[in-house]
Amino acid sequence: MKTKIFKSMADVPMFMTVMDVADLLGISRASAYELVKEKGFPKLNVVHGRIIIPRDRFFEWLDSREKSGKLI
């Protein structure tokens, strides 16, 4: 599977997939799914179990993890 490269914040889609999160963080698909299962992770469950992640809420969540010392 091809890895996406995000060169700037503008390249990151407004609504990301779990694979987008994996590519952005440089982690495996399995690790990204484990991350998405965490309580408080900013995800939306849509039709047929598909998971999407709002970009802005994801970056806010990531910033709060960094500030609290709970990095991935």
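Select R55 to begin: at 16% relative accessibility, this residue counts as buried. The model on display is a predicted one.

**The whole chain**

Next, display the entire protein chain as a cartoon. There are 3 helices and 3 strands to find, and from the N terminus on they follow the order β-α-α-β-β-α. The radius of gyration is 12 Å, close to the 11 Å given by the globule rule for 72 residues, so the chain is as compact as a globular protein of that length. Along the principal axes, the C-alpha atoms fill a box of roughly 30 × 30 × 20 Å.

Now switch to a surface view. The accessible surface comes to about 5,200 Å², and carbon and sulfur atoms account for 55% of it. Of the 72 residues, 32% count as buried. If contacts are drawn between residues at least 6 apart in sequence, 37% of them join residues at least 24 apart.

**The charged side chains**

Colour the side chains by charge. The chain has 13 positive and 9 negative side chains, and the centres of the two sets lie 5 Å apart. Side chains of opposite charge can pair when their charged atoms come close.

**Within helix α2**

Select residues 29-37, which form helix α2, and show the side chains of E34 and K37; these two residues are 3 apart, about one turn of the helix. Their closest N and O atoms are 3.5 Å apart, and the pair forms a salt bridge. K37 is exposed, with a relative accessible area of 58%.

**From helix α3 to a loop**

Finally, select R65 and E38. The closest N and O atoms of this salt bridge are 2.7 Å apart. The pair links distant parts of the chain: R65 belongs to helix α3 (residues 55-68), whereas E38 lies in the loop between α2 and β2 (44-45), and 27 residues separate them. Which of the two partners is buried and which is partly exposed? R65 counts as buried, at 16% relative accessibility, while E38 is partly exposed, with a relative accessible area of 31%.

Technical notes:
Residues numbered from 1 in each chain as written. Predicted model: local features only at pLDDT ≥ 70, side-chain atom pairs only at ≥ 80, totals over all residues. Heavy atoms only, no water. Salt bridge = Lys/Arg side-chain N within 4 Å of Asp/Glu carboxyl O. Helix = DSSP H or I, 4+ residues; strand = E, 2+ residues; numbered from the N terminus. Buried < 20%, exposed > 50% of the residue type's maximum accessible area, 1.4 Å probe, protein only. Rg over C-alpha atoms; globule rule 2.2 N^0.38 Å. Contact = heavy atoms within 4.5 Å. Areas by Shrake-Rupley, 256 points an atom, 1.4 Å probe, with all protein chains shown as cover. Lys, Arg positive; Asp, Glu negative; His and termini not counted. Charge placed at Lys NZ, Arg CZ, Asp CG, Glu CD.
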